[in-house]
Amino acid sequence: MMKRLVEILLFVLVLFWSASGWAQLSHPNDAGVAMGHLHYHVRDVDANKRFWMSLGGTPATVAGVEVIRFPDVFVVLTKAESSGGTEGSVVNHVAFRVQSLAKLQAAGLKVQLLVQYPGVGSVTTPEGERIELFDDLSENVKFTVDAGWADRTAERHNQRIAVPIVAHHLHLFVPEGSETKAKAWYVKMFGAVPGTRWHYAAADLPGINMNFSDSKLALAPTKGRMLDHIGFEVRDLAAFCRKLEAAGVKFDAPYMKASSGIGRALLTDPWGTSIELTEGFNQ
């Protein structure tokens, strides 16, 4: 009887989380923000779809849009020409954390390991996009919050993952001396938790860690590149947009609610990262 009660309870919990608006992405922080999606422009959608599935993603349709679903993030693939790869733009690369690089290799995925950094490697998409990978609990995944801050969600980086793969970080390259400013901007605008990921300035959001390095090179905005923009899912997006406007943010496309019921707005951070804000995209 007890076993049966446990089975029923688990079934009810599965139904609850499946019906929850935040069931497929991370629960938002106090500002109402969580990681949402990565939107790529590619020439061959099917080939890229197979690549992301080989990493452990699952095809799904979300709000009428085909995506590859991972815990904490959706990958959106649109057939389009890009002006270049992500490297060379403000967002240098995207990184995921896996339970085992060795298992990916055994499954036939070509993983290029960094010998000087154990537990770190990368894979390449069919169109040359580098995706960084970390073994579970590699030294490089750990995140330390700044003094005076505490956040239970950010502690996930210092604990083992319970699934084969999760999104880990977005690495932005900004002009020399701008790392601290970029970090503070994401803390102020999106309620991110400030800290350090390995030796990089960082700001943590549910589902993604934002990393910042300086660069002596002039870097292109993300708009039009292979990774055209990143997306954050936001609770009560209309009110959130008003708050950003009051803080001085200029929108490339103001808040609107599509016929699908999905709320959207588009902005660009001060360093050229195109960011789409959505509400309801994960339902």
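**A buried aspartate and its salt bridges**

At 13% relative accessibility, aspartate 136 counts as buried (under 20% relative accessible area; exposed is over 50%, partly exposed in between, with a 1.4 Å probe and protein chains only). This is a predicted model, where local features need pLDDT of at least 70, side-chain atom pairs count only at pLDDT 80 or more, and totals for chains, interfaces and linings use all residues. Residues are numbered from 1 along each chain as its sequence is written, and side-chain values use heavy atoms, leaving out hydrogens and water.

Now the overall picture. The chain holds five helices and 17 strands (DSSP runs numbered from the N terminus: H or I of at least four residues, E of at least two). Buried residues make up 49% of the 283 residues.

Back to aspartate 136. Its side chain meets that of arginine 160 in a salt bridge, 3.7 Å from N to O (a side-chain nitrogen of Lys or Arg within 4 Å of a carboxyl oxygen of Asp or Glu). The two sit 24 residues apart, arginine 160 in the loop between strands S9 and S10, aspartate 136 in the loop between S8 and S9. Arginine 160 is exposed, at 62% relative accessibility.

By this rule there are six salt bridges. One of them pairs aspartate 204 with arginine 156, at 2.8 Å. Aspartate 204 lies in strand S12, 48 residues from arginine 156. Aspartate 204 is buried at 3%, while arginine 156 is partly exposed at 21%.

Arginine 264 and glutamate 276 form another, at 2.9 Å. Arginine 264 is in strand S16 and glutamate 276 in strand S17, so the pair ties together parts twelve residues apart in sequence. Shared partners also join Arg97, Asp136 and Arg160 into one network.
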